Amino acid sequence: MWDYTEKVKDHFFHPRNVGLVEEADGVGEVGSLACGDALKLTFKLDDDERIREIKFQTFGCGSAIAASSALTEIVKNKTLAEAEKVTNQDIADYLGGLPEQKMHCSVMGREALQAAIENYRTGETSKRELEGEVICSCFGVTDKEIEAVVRENNLTTVEQVTNYCKAGGGCGGCHSDIQDIIDRVGRPMSPVTPKPAEAAVTSAAARQLTNIQKIRLIEQTLDEQVRPALQADGGDLELIDVVGNRVIVALRGMCAQCQVAGFTMAEVVEKKLREFVSSDLVVLEEKDT
Amino acid sequence: MDNNATSRVADEVIQEMMPYFTESYGNASSMHSFGGVLRHKIDRAREQVAELLGCETEEIVFSSGGTESDNTAIRGVLESFPDRRHIVTTRVEHPAVRTTCRLLQRKGYRLTELVVDSKGQINLDELREVVTNETALVTIMYANNETGVIFPVEEIAGIVKGAGSVFHCDAVQAAGKLPVDLKKTPIDLLSLSGHKLHGPKGVGVLYIRKGTRFAPQMVGGHQEFGKRAGTENVAGIIGVGKACELASKCMKEDNKRVKELRDRLEGKLLEKCPDARVNGDRRNRLPNTTNISFEYIEGEAILLQLDRLGICASSGSACTSGSLEPSHVLRAMGVPFTAVHGSIRFSLSRYNSQEEIEYVILKMPPIITYLRSLSPFSAEHDATVKSPEDRKQELSLD
């Protein structure tokens with residue numbers, strides 16, 4: 001069971017501002033039934049572009065509903081210029097935090113707000129237009145969206161990006177693209193994982209490994225630690241190459257078609273390799289052709 | 001109402017077990033009467049289990065639970081047939097079987113996973129086709145944990161034996177809920193778990209039919225006829241024995257009552273909640289299980305609302321599992337993603353009361369209505385909210 005804060009529970013059990021604003025000035029819709037969560041946001045403005053009324057409708061889990069409710073409370077009575085500055089982290093903070101794997105719920109809130117503001121400005125009545133290039137085709141996430149969550153939340157791993165915006169949580173085929181975005185956006189900062197002390201110890205150990213030793217250790221770790229877990233999801237993986245600290249693997253079997261294997265890969269493969277081989281390893285996926 | 005996850009330990013079982021945690025803590029293998037007397041208690045438990053399953057006491061091996069029994073059965077048989085490299089199972093097995101089989105596939109075994117239809121049932125003709133004398137083992141569950149769908153184990157056993165292969169059956173959900181008679185049904189190995197039938201956790205049973213070739217997977221002791229080494233979990237074994245005795249005694253009566261409760265719960269929920277559907281074959285299910293999908297809402301949200309009212313259930317939704325992946329069983333049945341996300345399983349036991357059922361019938365429909373009132377989707381504009389892309393994605397996800 002998820003460990004939700006009292007504030008999350010409060011907003012889930014007593015959501016504020018539910019419904020649709022009539023004759024709304026802005027409408028924003030994100031998500032879909034297939035994805036497992038979706039949010040429709042509508043607002044009405046004062047004469048001075050202040051949000052007078054805002055309502056939401058959400059299909060999703062407890063934290064998705066709580067995040068939507070929190071968002072409406074945060075931006076109510078704010079001017080559009082102020083509302084635009086609200087980040088997903090603001091939503092999470094307002095709720096006293098969200099489980100890491102549920103952070104995408106807060107991102108959905110911010111995206112719906114942006115879509116609604118965009119809708120007000122451009123007068124577009126259709127669903128939000130995709131800005132930028134679609135990186136994760138499983139969940140329809142663009143490079144702009146990934147950049148935004150990486151920047152706003154100082155994300156450093158593909159796994160975190162998946163937690164925050166679902167990108168990479170499907171087939172996993174976009175992991176290297178996501179890594180590129182992280183590298184591009186990433187400011188010099190200490191990574192969240194692993195902890196500096198551990199990193200010092202293990203990378204010191206890693207330096208003593210020859211390439212052959214490292215590859216053998218990676219193979220062994222994949223065999224013993226990773227494959228059994230991956231096979232629980234009906235798939236398998238193959239080690240393609242090791243280039244520096246980059247481990248290139250390919251998904252096989254059911255995993256190759258599975259839309260969520262990528263999540264498992266970030267969660268299991270990279271974590272285990274960092275634990276057993278070297279903390280600086282980055283796992284990249286080569287798409288099976 | 002989540003008894004397929006685990007069940008309440010019967011008072012009678014606890015009473016039986018208690019002395020063996022306190023004054024009578026001996027080792028049944030000891031050459032003194034302090035420990036030695038426990039041998040008789042274990043023998044008695046073996047009789048109680050054998051009676052429930054309709055088999056002989058020497059065919060009962062106690063283990064640490066359903067998962068160990070499944071793992072041991074599969075590996076133990078394969079090791080005895082080194083020349084046969086083919087395993088047959090289904091897409092809807094419990095992870096204890098599914099993961100083991102897939103691990104063995106990785107080690108070079110050929111694995112056939114039978115598909116199921118929309119009712120959750122396998123096709124026996126397909127089984128006939130795939131089982132050959134190359135097949136080391138067929139492992140198929142007695143009844144599914146998520147939907148309660150019962151597999152035709154007698155026919156399966158007949159087909160497997162006809163082809164000269166070995167049949168293991170994971171009966172963790174069926175034991176104590178369905179009459180099992182191993183004298184009539186030629187199952188070679190069968191797993192059951194203590195805590196699913198009002199016994200304690202940490203103890204299970206592996207039935208191994210006499211004459212079945214099997215290599216022990218836990219060695220280093222003579223216990224359990226040399227088939228499972230390790231000092232006996234005396235209290236646990238006594239507990240599961242008592243639980244089996246109670247099941248033998250109460251099953252018929254319990255089932256009648258539990259089925260009435262389940263049917264009333266299911267019928268009323270379907271009646272009061274539009275856009276709800278039962279997952280799995282309604283005419284061929286465990287009497288205690290119902291798995292219902294409520295469209296347009298998400299399972300975790302339903303569970304949280306139920307939990308606040310003290311109602312325990314489970315869901316096949318992705319959000320409850322911590323991954324983005326919803327139930328493999330419902331997906332194998334071709335249940336649309338939209339319905340998998342909103343699936344709720346209730347699984348009852350002899351300890352559920354009519355009052356509890358009425359309480360859920362009273363409380364659940366408003367929760368569904370309420371959550372739908374939060375949702376941007378509904379039956380009326382279902383056709384309009386789904387863009388062609390969404391529809392396409394749904395199809396490709398199946």
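Two residues are taken to be in contact if their C-beta atoms, placed from the backbone, lie within 7 Å. With that criterion, in this predicted model, ten residues of domain 1 of chain A are in contact with nine residues of domain 2 of chain A. The C-alpha centres of these two domains lie 21 Å apart. On the side of domain 1 of chain A that touches domain 2 of chain A, helix H4 (88-94) and helix H5 (103-122) of chain A each supply at least two residues, and H5(A) gives the most, with four residues. Sorted by class, that side of domain 1 of chain A holds three nonpolar, five polar and two charged residues.

| Domain of chain A | Residues |
|---|---|
| domain 1 | 6-122 |
| domain 2 | 134-185 |
| domain 3 | 196-285 |

Taken as a whole, chain A contains twelve helices and eight strands, and 49% of its 289 residues are buried.

Strands of a sheet pair through backbone hydrogen bonds, either parallel or antiparallel. In chain B, seven strands form an open sheet with mixed pairing, in the order S1-S7-S6-S5-S4-S2-S3. Its edge strands, each pairing on one side only, are strand S1 (60-63) and strand S3 (110-114) of chain B, and neighbouring strands of this sheet are turned by 20 degrees against each other on average, with direction ignored. Strand S2 (residues 86-90) of chain B pairs with S3(B) in the parallel sense over five bridges; Thr89(B), for its part, has Glu113(B) in S3(B) as its bridge partner. Helix H5 (residues 95-106) of chain B packs on the sheet, where it touches S2, S3, strand S4 (135-139) and strand S5 (166-170) of chain B, and the direction of this helix makes about 150 degrees with that of S2(B).

A further position in chain B is Gly334(B), which lies in the loop between helix H10 (328-332) and helix H11 (337-340) of chain B. Is Gly334(B) buried or exposed? Gly334(B) counts as exposed because it has 12 C-beta neighbours inside 10 Å, and a residue is classed as exposed if 12 or fewer are found within that distance. The C-alpha atoms of Gly334(B) and Arg44(B), which are 290 residues apart along the chain, are separated by 46 Å.

Technical notes:
Residues are numbered from 1 along each chain as its sequence is written. Chains are lettered from A and ligands numbered from 1 in the order in which they are written. This is a predicted model: local features need pLDDT of at least 70, side-chain atom pairs count only at pLDDT 80 or more; totals for chains, interfaces and linings use all residues. A residue is buried if 20 or more other C-beta atoms lie within 10 Å of its own, exposed if 12 or fewer, and partly exposed in between; C-beta atoms are placed from the backbone. Domain bounds come from an automatic or database domain assignment. Ala, Val, Leu, Ile, Met, Phe, Trp, Tyr, Cys and Pro count as nonpolar, Asp, Glu, Lys and Arg as charged, and the others, Gly among them, as polar. Two strands pair if DSSP finds at least two bridges between them. Axes are lines fitted to C-alpha atoms, for helices over the stretch in contact, and angles run from 0 to 180 degrees between N-to-C directions.
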